[in-house]
Amino acid sequence: METVSENRAYGGIQGVYRHASPSTNCDMTFGLFLPEEARDGPVPVLWYLSGLTCTHENAMTKAGAQAWCAEQGIAIVFPDTSPRGEGVANDEAYDLGQGAGFYVNSTQSPWAPHFRMWDYIAEDLPALLGETFELDMSRQAITGHSMGGHGALTLAMNLPGRFRSVSAFAPICNPTASDWGRKQFTAYLGEDQSTWEPHDATLLMRDKGFDGPLLIDTGTSDQFFDLLRPGAFAAAVADKRQDATIRLQKGYDHSYFFVSTFMEEHVAFHADALYRE
């Protein structure tokens with residue numbers, strides 16, 4: 001693993017690191033904020049999965065999460081959203097290819113050799129983090145924005161017992177019924193829609209639910225509201241009688257101004273679950 005940079009922040013260290021991933025068959029870069037408490041022993045970890053077009057850097061510099069994580073004594077990891085580099089397939093559209101991994105394992109050409117973001121987030125990166133840093137991997141939580149909210153919800157429901165809590169900012173809630181999902185799932189997973197279903201948060205909620213607290217915020221002025229389909233997910237939550245708080249925030253859009261406004265509440269929400277015995 002290569003250290004790209006380390007900067008003092010809020011009493012802790014904001015680092016950026018690069019490593020070779022066996023899942024994506026390329027080098028991957030991630031950000032990790034370690035609070036001051038990590039000097040004395042392992043600390044809980046919060047995952048933040050970013051949205052379309054983002055790298056590890058967007059949330060790391062715009063979401064304002066480090067201050068609140070430092071206050072709670074929690075580490076936060078910012079993975080990239082896709083494989084990158086020479087030889088990695090790409091597309092001219094912003095919502096497919098590099099920057100748009102959708103947190104799935106691709107089975108289709110030309111994406112299959114590298115686009116295995118599910119395995120990267122579920123297996124590769126957790127193993128590296130646990131071996132390398134002072135993190136308590138028995139206490140994990142996950143959040144994300146937009147495409148990353150989709151990833152956070154689907155990972156949490158598909159990996160029972162992994163995450164103590166899950167939250168999302170304006171998540172893509174029902175991708176099998178949305179243009180943000182049908183296009184990418186067809187490209188990455190093929191025409192068989194049964195392979196899409198494990199990556200649809202609304203369908204997963206109806207089938208599995210999540211054994212823990214769940215928080216979602218979406219802005220009423222979100223320019224992508226119809227693509228996100230929060231109503232479909234809310235209906236599935238009600239049918240499942242899931243422990244959840246789903247909020248529509250008046251006047252907020254899809255930007256990082258929205259994310260940073262509610263980040264303190266999301267970090268506190270996760271801290272409550274991470275420190276509960």
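The crossing of helices α2 and α9 is right-handed, a crossing being right-handed if the near helix is turned clockwise from the far one by less than a right angle, and left-handed if anticlockwise. The model is predicted: local features need pLDDT of at least 70 and side-chain atom pairs count only at pLDDT 80 or more, while totals for chains, interfaces and linings use all residues. Residues are numbered from 1 along each chain as its sequence is written, and side-chain values use heavy atoms, with hydrogens and water left out. Helices (H or I, at least four residues) and strands (E, at least two) are DSSP runs, numbered from the N terminus.

**Packing of α2 and α9**

- Helix α2 (residues 65–72) packs with helix α9 (residues 256–274) at an angle of about 30 degrees, and their axes lie 9 Å apart; axes are lines fitted to C-alpha atoms, for helices over the stretch in contact, and angles run from 0 to 180 degrees between N-to-C directions.
- That angle makes α2 roughly parallel to α9 (under 35 degrees; over 145 is roughly antiparallel, 65 to 115 roughly perpendicular, and the rest oblique).
- From α2, Ala65, Trp68, Cys69 and Gln72 meet Met263, Glu264, Val267, Ala268 and Ala271 of α9, contact meaning heavy atoms within 4.5 Å.
- By class, the contact of α2 with α9 has seven nonpolar, one polar and one charged residues; Ala, Val, Leu, Ile, Met, Phe, Trp, Tyr, Cys and Pro count as nonpolar, Asp, Glu, Lys and Arg as charged, and the others, Gly among them, as polar.

- The buried residues of α4 include His150, Leu153 and Met157.
- Ser146 lies in the loop between β6 (135–144) and α4 and is buried, with a relative accessible area of 3%.
- Not counting residues up to four places away in sequence, Ser146 touches Gly51, Phe169, Ala170, Pro171, Ile172, Trp180 and His254.

- Pro35, in the loop between β3 (26–34) and β4, counts as buried at 2% relative accessibility.
- Among the residues that Pro35 touches, leaving out those up to four places away in sequence, are Cys69 and Ala70.
- His56, in the loop between β4 (43–49) and α1 (57–62), counts as buried at 13% relative accessibility.
- Beyond its neighbours within four places in sequence, His56 is in contact with residues including Phe30, Phe78 and Asp80.

Note on methods
Buried means under 20% relative accessible area, exposed over 50%, partly exposed in between (1.4 Å probe, protein chains only).
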